[in-house]
Amino acid sequence: MLVCCKDDITNSGASILPPSDAIVVNVDTFGMSSVLTEAGVMYSSPDSLLLGEADNRFGTIHADILTQLTCPEGFRYPENAAVDSVCVFLTYQSWYGSGLSPLAVNLYEMDKATFVYSEAYETTLNLSDYWSGDESTRLLEDSKIVVAAHATDSSYLSTTDTYAYHVRCRTTDSFAERFFGITDFSSQDAFDEQFKGLYITSTFGSSTVLYLQDISLAVYYHFTYDKAGRDTTVNAVKGFYSNSEVRKVNRIEYQNKAYEALLQNTDTNFVVSPANMYTRLSIPMKKMSDDIFADLGDKRPYVNLAELNIEVLNVYKGQTADKTRDDWAQPSPYMMLLKESSADRFFNKREIPTDTCAIISALNSGVDEDGNTIYYYSYDLATLLTMQLRNKQDNDTLQMLLVPVSVTTTSTSSSVVYSSAKLLHTITATALPSASNASCPMRLEVVCSGF
């Protein structure tokens, strides 16, 4: 009934345990290496479609669009209907670059081949496979000149007190008659045989890229019918849409890339989207394993903490009017740290982000010691490193890629979960200190235990 201990005894519990059951804790900091690398194949599955051309320090990006239109299955025009006009609408709410520079838009009909819905298409697909280049396929009499910030075609949205910008392109009368002559709406395949799709491109301007949200084609027509013994004319419109039921491909090309010059910058790494350049991180797994198991022995390793914070260097903080071409591209809102060996599989199979393969960080902000605002990405590698240490793979290093992504989230009662991630298609440029940066090198602090 009576128990007493000396005041200076602090390990009475541990004293009755055998040495083999003791918990060993290891704390260490590991350096890494990083290098700029060119991105590989990028498949088009965009949330925003890019249209236009702009250049900056990373090269000249040119983006155009090939898209099918959805078939309105079972639709029929009235028997005595006649076409008035056909217009193509390009809807956007934002853009990259200068909103005051002119951009010339042209539309063509895809005349060689169309897309197969179930197939994946690269952003560097061969245009000549789908469009002959024949000017007779042109839909417009003259190029449509667009100034992004001052669109003449726009709709006021009273709910948000903003404008939805439209580019309204009226097609030639000959194309209107040809498209109105399509009568087989029995299936999407039947419709695609008659109209393979639209090719939308820019032929002038090097300072603006539009982020298109919607593409549609409208057929304006009229017909008459007998109403109480009198002929009555009815004006109508039929819409054809580029939506999720059909394939649309954003063809994106980089020209005059500055990859070789940027590779010489040993203090700074870059991540540029759409897929152009990534940063590869090399984590020294063999050294980490040797150091940790030297302390843990045969005990089962658990990584309790492995936090990697990566500062962002190129966040623009000046006035909008002072922006230069290099300031237009801002950091990615989300950055994924992804196993390089799993990159193709992850995006092709649309896998769900997990902390054992693909770790996502939003762009965070904080304050440094001097009270200045800083931006950074933060990653918890504890689960990933625990698995790597237990598997005891022979690789000297674990290769990881920093990849810009767009994400969808699912909210729970206690947290926000990333439910999907796709390669980011909007234009971003993120500058990061390299692992060998003299003032703020990348370091990985690891707290590991074993029992």
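## Packing of α4 and α7

Helix α4 (residues 285-296) and helix α7 (residues 382-391) have axes that come within 10 Å and cross at roughly 80°. Axes here are lines fitted to C-alpha atoms, for helices over the stretch in contact, with angles from 0 to 180 degrees between N-to-C directions. The helices α4 and α7 are therefore roughly perpendicular to each other (a term for angles of 65 to 115 degrees).

On α4, the contact (heavy atoms within 4.5 Å) involves Met 285, Met 288, Ser 289, Ile 292 and Phe 293, and on α7 it involves Leu 385, Gln 388 and Leu 389. Six of these residues are nonpolar, two are polar and none is charged; Ala, Val, Leu, Ile, Met, Phe, Trp, Tyr, Cys and Pro count as nonpolar, Asp, Glu, Lys and Arg as charged, and the others, Gly among them, as polar.

## Basis of the description

The model is predicted: local features need pLDDT of at least 70, side-chain atom pairs count only at pLDDT 80 or more, and totals for chains, interfaces and linings use all residues. Residues are numbered from 1 along each chain as its sequence is written, and side-chain values use heavy atoms, leaving out hydrogens and water. Helices (H or I, at least four residues) and strands (E, at least two) are DSSP runs, numbered from the N terminus.

## Strands paired with β11

Strand β11 (residues 207-227) runs antiparallel to strand β3 (residues 49-56), joined to it by six bridges; strands pair if DSSP finds at least two bridges between them. Leu 50 stands opposite Tyr 211 of β11. Strand β5 (residues 82-97) is also antiparallel to β11, with 14 bridges, and Ala 82 faces His 222.

With strand β12 (residues 230-241), β11 pairs in the antiparallel sense over 12 bridges, where Tyr 225 stands opposite Thr 232. Two residues separate β11 and β12 in a hairpin, and Ala 228 in the turn has a positive phi of about 55°.

How values were computed:
Angles under 35 degrees count as roughly parallel, over 145 as roughly antiparallel, 65 to 115 as roughly perpendicular and the rest as oblique.
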